[in-house]
Amino acid sequence: QLQLVESGGGLVQPGGSLTLSCEASGFTLTHYNIGWFRQASGKEREGVAAMLSTGPDTTVANGMKGRFTISRDDARNTMHLQMTSLEFEDTAVYYCAAFTGRLLLSSNGNYYYEGNDVWGRGSQVTVSS
């Protein structure tokens, strides 16, 4: 069974930092294009950051560039999203995902993927004072 298990969500103050992790089981992340996505209440899901299977170049959507970093730990078969300088607008449910086919992430957060996909269940991140 292919699974992505997320951890690391929670409550953080504005300006704070948080790291989300996503451990894969049943498959190897290095064979997949990976990404992080988020969905705020009442809004559509948007792309946050992506990394191709070949690595190490990454794409981060505008508004999060310079604050969010996607990475992959091959030894632990885990992907991470490091978030710094968090803002109220970053409050959302964050999802990790892996794709067998092409993954495209545009600067405005629109995304497109092909092939089979595996999604984590989502982690709530709340930025509040």
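Modeller: Gladly. Keep in mind that the model is predicted.

Colleague: What makes Asn 77 buried or exposed?

Modeller: Its relative accessible area is 17%. Buried means under 20%, so Asn 77 counts as buried.

Colleague: Which residues is Asn 77 in contact with, leaving aside neighbours within four places in sequence?

Modeller: Cys 22, Glu 23, Ala 24, Phe 27, Thr 28 and Leu 29. Contact asks for heavy atoms within 4.5 Å.

Colleague: Cys 22 is on that list. How do you know that Cys 22 and Cys 96 form a disulfide?

Modeller: Their sulfurs are 1.9 Å apart. The cut-off is 2.5 Å, so the pair is called a disulfide. The structure holds 1 disulfide. Cys 22 lies in strand β3 (residues 18–25) and Cys 96 in strand β9 (residues 92–99), so the bond ties together parts 74 residues apart in sequence. Both cysteines are buried.

Colleague: Why is the disulfide of Cys 22 and Cys 96 given a hand?

Modeller: Look at the torsion about the S-S bond. For this pair the torsion is about 50°, so the disulfide is right-handed.

Colleague: Now the charged pairs. What makes Arg 67 and Asp 90 a salt bridge?

Modeller: Their side chains meet at 2.7 Å, N to O. The limit is 4 Å, so the pair qualifies. Arg 67 and Asp 90 are both buried. Arg 67 sits in the loop between β6 and β7, and Asp 90 in the loop between β8 and β9, so the bridge ties together parts 23 residues apart in sequence.

Colleague: How do you know that Arg 67 and Glu 87 also meet in a salt bridge?

Modeller: The distance is 3.9 Å, N to O. That is within 4 Å, so the pair counts. Glu 87 has 35% relative accessibility. Buried is under 20% and exposed over 50%, so Glu 87 is partly exposed. Arg 67, at 11%, counts as buried.

Colleague: What makes Arg 76 buried or exposed?

Modeller: Its relative accessible area is 58%. Exposed means over 50%, so Arg 76 is exposed. Arg 76 also has a salt bridge to Asp 73, at 3.2 Å, N to O. Other salt bridges share partners: they join Arg 38, Glu 46, Arg 67, Glu 87 and Asp 90 into one network.

Colleague: How many salt bridges does the whole structure hold?

Modeller: A search finds 7.

Colleague: On to the nonpolar part. Which residues have the most contacts inside the largest core?

Modeller: Leu 4, Trp 36, Phe 68, Leu 81, Met 83 and Tyr 94. This core has 30 residues. Among the strands that each supply at least two of its residues are β3, β7, β8 and β9. A second, separate core has 6 residues, including Phe 37 and Leu 103.

Colleague: Which contacts does Phe 68 make, beyond neighbours within four places in sequence?

Modeller: Among them are Leu 81, Met 83 and Tyr 94. Phe 68 also touches Arg 38 and Asp 90.

Colleague: Last, the sheet. How do you know that β3 and β8 pair?

Modeller: They share 6 bridges, in the antiparallel sense. Pairing needs at least two, so β3 and β8 pair. Thr 19, for one, has Gln 82 in β8 as its bridge partner.

Colleague: Why are β1 and β7 at the edges?

Modeller: The open sheet has 4 strands in the order β1-β3-β8-β7. β1 (3–7) and β7 each have a single partner strand, so one side of each is left without a neighbour in the sheet.

Methods:
Residues are numbered from 1 along each chain as its sequence is written. This is a predicted model: local features need pLDDT of at least 70, side-chain atom pairs count only at pLDDT 80 or more; totals for chains, interfaces and linings use all residues. Side-chain values use heavy atoms; hydrogens and water are left out. Buried means under 20% relative accessible area, exposed over 50%, partly exposed in between (1.4 Å probe, protein chains only). A nonpolar core is a set of buried Ala, Val, Leu, Ile, Met, Phe, Trp, Tyr and Cys residues joined through side-chain atoms within 4.5 Å.
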